Amino acid sequence: MINPSSSSPFHILSCLVVFLFLPNLPSLLADPDPSQDFCVADLSASRSSSVNGLPCKPASKVTSDDFFFDGLSKEGDTRGIFGSNLTAGNVLAFPGLNTLGISVNRVDFAPRGVNPPHSHPRATETVLAISGQVLVGFVTTGNVYYSKVLTAGQIFVIPKGLVHFQMNVGQGKALAFTSFNSQLPGAAVVPLSLFASTPSIPNEVLTKTFQVGENVVNSIKSKFSS
Ligand SMILES: *[C@@H]1O[C@H](CO)[C@@H](O)[C@H](O)[C@H]1NC(C)=O
């Protein structure tokens, strides 16, 4: 039986929209719900075919250790140019998170250290300050800036996909944990996306975008070249 609405312009349009976005589904959408209790990732298994998350380790081989991760217990080295250090607790570091739609990072800050402006395409984030004074801010798609200085135990939420940063505005070190509703939230770090991509974005794009001379663009690019 033919659905009378199947040839309506709206139907054709929705098919087109679905079709256009289908190839990008894994990167555009939030993590799907799991279809089993757990699926500890087997990081060594072939990833040639794409599945919901990563392939599962056989359940008979899973132990309590697969649900445990101590990778965030150590302080990161903050001597890099940004004065911050991010230790990731995503599915690639902690395979037990696979298909569970959640992950957590540790961020250490030297005084005045910054976790530079970036966005997570696949996750909303909460920032929990453990010590120090952490300025957290994000900017909406309407260019409105929201921010707060957090102290121990306080939380700020970063809506999914928006550009945000953290900075240590206290006198000593600072520590924060960031949590995500994705096992692999991804991060597009604005300064690196624009000035440290491979291959480079043409200088003319950047000089026109920022209304500065090529010397300024080259100077910024040189800070990020290793
Ligand atoms: C972060 O800290 C770890 C552990 O100290 C270190 O291996 C890594 O190089 C640091 N990363 C940066 C970007 O400084």
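Guide: A residue counts as exposed when its relative accessible area is over 50%, and as buried when that area is under 20%. The model shown here is predicted.

Visitor: Why is Ser64 called exposed?

Guide: The relative accessible area of Ser64 is 63%. Exposure requires a value over 50%, so Ser64 qualifies as exposed. Ser64 belongs to the loop between helix 2 (25-28) and strand 1 (84-89).

Visitor: How far apart are Ser64 and Gly96 in sequence and in space?

Guide: They are separated by 32 residues in sequence and, C-alpha to C-alpha, by 9.7 Å in space.

Visitor: Why is Gln166 called buried?

Guide: Its relative accessible area is 0%. The limit for burial is under 20%; therefore Gln166 is classed as buried. Gln166 lies in strand 8 (residues 163-168).

Visitor: What is the angle between helix 4 and helix 5, and how far apart are their axes?

Guide: Helix 4 (residues 203-210) packs against helix 5 (residues 214-224) at about 110°, and the axes are 9 Å apart. Angles from 65 to 115 degrees count as roughly perpendicular, and therefore helix 4 is roughly perpendicular to helix 5. Their crossing is right-handed.

Visitor: Which residues meet where helix 4 packs on helix 5?

Guide: Helix 4 contributes Asn203, Leu206 and Thr207, which meet Glu214, Val217, Asn218 and Lys221 of helix 5. By class, the residues of this contact comprise 2 nonpolar, 3 polar and 2 charged. Leu and Val count as nonpolar, whereas Glu and Lys count as charged.

Visitor: How many helices and strands does the protein chain have, and what share of its residues is buried?

Guide: The protein chain has 5 helices and 10 strands. Of its 226 residues, 31% are buried. Among contacts between residues at least 6 apart in sequence, 68% join residues at least 24 apart.

Note on methods
Residues numbered from 1 in each chain as written. Predicted model: local features only at pLDDT ≥ 70, side-chain atom pairs only at ≥ 80, totals over all residues. Heavy atoms only, no water. Axes fitted to C-alpha atoms, helices over the stretch in contact; angles between N-to-C directions. Helix = DSSP H or I, 4+ residues; strand = E, 2+ residues; numbered from the N terminus. Parallel < 35°, antiparallel > 145°, perpendicular 65-115°, else oblique. Left-handed = near helix turned anticlockwise from the far one by under 90°. Contact = heavy atoms within 4.5 Å. Buried < 20%, exposed > 50% of the residue type's maximum accessible area, 1.4 Å probe, protein only.
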